[in-house]
Each structure stands twice: as C-alpha cells, then as structure tokens.
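Hello,

Here is the structure you are taking over. Please open it beside this note and follow along.

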Amino acid sequence: MKLNSDIQPSNKSLRKFIFLKDVFWLTLSAFGGPQAHIAMMLRLLVEKRKYISEEELLELQALCQILPGPTSTQTFFLIFTKKLDSFSVLIGFSQKNSSPP
C-alpha cells in the first residue's frame, strides 16, 4: 500500500496539506521510539520529499536530544517551524498547549 505520492505541487496550500499528511502518516505508523521516527523522517521528509537536507534533520534531532521531552515529537515541531508559515505554527502550538493536564 502506497501512502504518499511523488507529486510535488506548485500550489502553496496544497504543499502544506501534503506536508501535514506526511507527518500524520509518520505519527501513526512509526513504532520503535525516536530512532524509528528519525529513520522514517529521513526516508520520507529528506530523501523522497526533500523538505529539508539530511544535515538539517540530524542537527535538529541533535538539538532536540538535549531538550526534555520526546525527541521525535520536538523534531517534527522544529520541521513544522521551518516548513510552514508562522501562522500555521502558532495554531499547532496553541493546540498542543491547550490540551487538558
């Protein structure tokens, strides 16, 4: 079953949707901890979609390792901030912080 197509659309909102769809599938399908997430992010977000370079992914992942909390989730969030505009990041951040304790 192929989850993602190789289409690189020119429409900015469609590209954002595809990016969010890619991240959604990664969050549902990655089992095995941060190492599995990083390997899947490398394959999909770097090699296939070319959202960021391999060096950027490894630098973001290294930065997130020194922060408290889940490494792969924080890496996803940093890729969001790099890929999406600030309005989309604020919406995602506000939804993350609005969950009940």
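Residues 24 or more positions apart account for 48% of the contacts in the protein chain with a separation of 6 or more. Contact here means heavy atoms within 4.5 Å.

Before going on, two notes on the source. This is a predicted model, in which local features need pLDDT of at least 70 and side-chain atom pairs count only at pLDDT 80 or more, while totals for chains, interfaces and linings use all residues. Residues are numbered from 1 along each chain as its sequence is written, and side-chain values use heavy atoms, with hydrogens and water left out.

**Overall make-up**

The protein chain has five helices and zero strands. From the N terminus on, its elements run α-α-α-α-α. Helices (H or I, at least four residues) and strands (E, at least two) are DSSP runs, numbered from the N terminus. The chain has 101 residues, and 31% of them count as buried. Buried means under 20% relative accessible area, exposed means over 50%, and partly exposed lies in between (1.4 Å probe, protein chains only).

**The core**

The largest nonpolar core has 17 residues. Such a core is a set of buried Ala, Val, Leu, Ile, Met, Phe, Trp, Tyr and Cys residues joined through side-chain atoms within 4.5 Å. Which residues have the most contacts inside it? They are Phe19, Leu26, Met41, Leu45 and Ile79. H1, H2, helix H3 (54-65) and H4 each supply at least two residues of this core. H2 gives the most, with six residues.

Take phenylalanine 19. Leaving aside neighbours within four places in sequence, phenylalanine 19 is in contact with Leu45, Tyr51, Ile79, Phe80, Lys83 and Leu84.

**H2 and H1**

The axes of helix H1 (residues 12-29) and H2 come within 11 Å and cross at roughly 150 degrees. That makes H1 roughly antiparallel to H2. Axes are lines fitted to C-alpha atoms, for helices over the stretch in contact, and angles run from 0 to 180 degrees between N-to-C directions. Angles under 35 degrees count as roughly parallel, over 145 as roughly antiparallel, 65 to 115 as roughly perpendicular and the rest as oblique.

H1 passes H2 in a right-handed crossing. A crossing is right-handed if the near helix is turned clockwise from the far one by less than a right angle, and left-handed if anticlockwise. On the H1 side, the contact is made by Phe19, Asp22, Leu26, Thr27 and Ser29. On the H2 side, His37, Met40, Met41, Leu44 and Leu45 take part. By class, this contact has six nonpolar, three polar and one charged residues. Ala, Val, Leu, Ile, Met, Phe, Trp, Tyr, Cys and Pro count as nonpolar, Asp, Glu, Lys and Arg as charged, and the others, Gly among them, as polar.

**H2 and H3**

The axes of H2 and H3 come within 10 Å and cross at roughly 150 degrees. This crossing is right-handed. Ile38, Met41, Leu42 and Val46 of H2 meet Glu54, Leu57 and Gln61 of H3. The residues divide into five nonpolar, one polar and one charged.

Two residues of the loop between H2 and H3 deserve a look. Lysine 50 lies in this loop. At 62% relative accessibility, lysine 50 counts as exposed. Lysine 50 has a positive phi of about 60 degrees although it is not a glycine. Most residues other than glycine have a negative phi. Serine 53 is found in the loop as well. Serine 53 is partly exposed, with a relative accessible area of 27%.

**H2 and H4**

The axes of helix H2 (residues 34-48) and helix H4 (residues 71-83) come within 8 Å and cross at roughly 30 degrees. That makes H2 roughly parallel to H4. From H2, the residues are Pro34, His37, Ile38, Met41 and Leu45, and they meet Thr71, Ser72, Thr75, Phe76 and Ile79 in H4. Six of the residues in this contact are nonpolar, four are polar and none is charged.

Is serine 72 buried or exposed? Serine 72 is buried, with a relative accessible area of 6%. Proline 34, by contrast, is partly exposed, at 31%. Proline 34 and threonine 73 are 39 residues apart in sequence and 8.4 Å apart in space, C-alpha to C-alpha.

Best wishes
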